[in-house]
Structures are given as C-alpha cells and as structure tokens.
Amino acid sequence: MQHYFGTIADQKAIIDGKQVHHLIDVRRTVVGEQVEVSDGTESYLCVVDSLEPLSLSVIRKIDTKRELDIDLVLCFALLKGDHNDLIVLKGTELGVASFYPFLSSRCIVKPEKNEDQRISRLRKKAEEGAKQCRRDVVPSVSGYKTFQEALNLRGDVKIIAYEGEAGVGESLLSFAKGLKKRQRVVVLIGPEGGFTEEEAALAREKGFHFVSLGRRILRAETAAMYCASILGAQSEEEEINEPL
Ligand code: SAH
C-alpha cells in the first residue's frame, strides 16, 4: 500500500503538493483506493474520496509497530561521493531513529558550513526511505557535528566501531544481546581512513564501548549497515531485556 506523510485533522488527511502529484500522476491512484498516511507518530488507513481536489478520509488508525524497541542513533563520519546517501537510505529502512554526520581528522570531505545541499539531500533520503518501508516516523538528520560533539551526544549506551580491534574486541552481536528496551544507543562509524589513535583514546575516555564488526575490514557504509542490522535485529527479539 502507498504510504505518505502528512497531517490528520477532522478525520481527513492532508499531504503536501509533491506527494499529491505522486499519488495522482505517478501512482495513478483512483477514487475508492486506500493509502496509508502517517502524521509522524502514528499511521492511518485512508480512502481516496475525490481526486480534484484530492480528499483523503481517515478510516482508522493502523496499529503498526514498525519502530525499533531501542532509540538507535547512528553517527557516521562524512564520506565522499554518494555513500552518505546510502547510509541514510538503508539505515532508515533498518530502523535508525536519528543520523548525525560528523567530521573527524581523516575525513576526505570537509564542508565549510554546518549545513549544505548534502544535508538537505540526506533529509530527502530519510523521507524517501521512511515512505518506502512504511515507517511511522521520518528519522532526523542533523547538520554536521565535530568529532567532539559526536562524542558528547546523549546516550544510555555508546558504541564505537573500531577496526583496530577487528576480530579482537567484543563482537557487536554479543554486545547487542545485553541491550534493554527503550535504551538510546549511540553508534559511531569512522571515515574511509578510520579513526586516529587519539580519537579512539578520546572515545574511550568518554565511556564508549569498543566493538568489532568481525574479522574483515568493512567499508564505512557497510559498517553502518552492519551495525544498524545487528542492533535493530537484536532489539526486535522477543527476549530483549526489559529495563530494570
Ligand atoms: N582504516 C581502515 C578502514 C576504515 S573502515 C583502513 O583503511 O584500513 C571505516 C570504518 O568502518 C571504521 O572507522 C570503523 O568504524 C568501521 N569498521 C570497518 N570494519 C570494521 C571492523 N571489522 N570492526 C570494527 N569497525 C569496523
């Protein structure tokens, strides 16, 4: 079923012009067809009453459970090319709640402003991904953070993927088994050239847990997807621990 984001008021759903165009001209939706509209928190089953102008009536709230049981915060060092888009698009499908691109010493790309076209494109990717996988919320994408700011993000559990310990540090999978529902889990992924030893030392001081993503060195975008998959899958296991 088609999925849109909009506002719900008086048993009607309102979506923006771009989505109206998509619904009418791209998907060629007809009167009587049903679509899903999410207001950013919950999703509603709606029916198309008329096309010109578009009118969508709410049938009922949909009891969805498409968000993870943890609040997954993915911080990734800005990469060159369109790998950042991939991280946000795929991370959204995998349930990431918020993305924080950051700049660290080995980043090849160094934007001058806190926000630029790249960030607006990433936000569009988050929206695109959220519609495609029918999430109730569009994950947020922040402006660029410094490495220090990324280290200072609030989290119940903080993890850094560090290839210096590939195959040696605690595996992410075994670490993930100790997670509890509703915890805010912050994950840090380094740039193409990895983290420097100084950065790793700073992360250790800030209480980050060092995890290995296996015996192979993954490309940063693969590492991001690996982390989102493992943490997301573990959070959806029935036996994930209830908070104390
Ligand atoms: N410095 C490395 C590559 C860095 S990989 C080199 O050129 O040899 C990019 C990022 O992915 C790393 O900073 C780390 O966060 C993550 N990563 C990749 N493979 C990993 C592994 N096996 N264990 C932990 N983290 C890994």
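Helices here are DSSP runs of H or I with at least four residues, numbered from the N terminus. In this predicted model, helix α3 gives the most to the lining of the second largest pocket, with five residues. That pocket has a volume of about 280 Å³, while the largest pocket has a volume of about 330 Å³.

**Largest pocket**

- The lining of the largest pocket consists of 23 residues.
- Nearest the centre of the largest pocket lie E163, I217, L218, R219 and A220.
- Two elements, β13 (209-212) and α7 (220-235), each supply at least two residues of this lining.
- Helix α7 accounts for the largest share of the lining of the largest pocket, three residues.
- Sorted by class, the lining of the largest pocket holds 12 nonpolar, six polar and five charged residues.

**Second largest pocket: lining**

- Residues Y4, D16, K18, Q19, H21, H22, K124, E127, E128, K131 and Q132 line the second largest pocket.
- Two or more residues of this lining come from each of α1 (17-26) and α3 (117-132).
- By class, the lining of the second largest pocket has six charged, four polar and one nonpolar residue.

**Second largest pocket: position**

Definitions and conventions
Residues numbered from 1 in each chain as written. Predicted model: local features only at pLDDT ≥ 70, side-chain atom pairs only at ≥ 80, totals over all residues. Heavy atoms only, no water. 1 Å grid on protein atoms, 1.4 Å probe; cavity = no way out; pocket = protein on both sides within 12 Å on 5 of 7 lines; lining within 4 Å. Points joined across faces, edges and corners; volume = space filled by probe spheres on them. Nonpolar A, V, L, I, M, F, W, Y, C, P; charged D, E, K, R; others polar.
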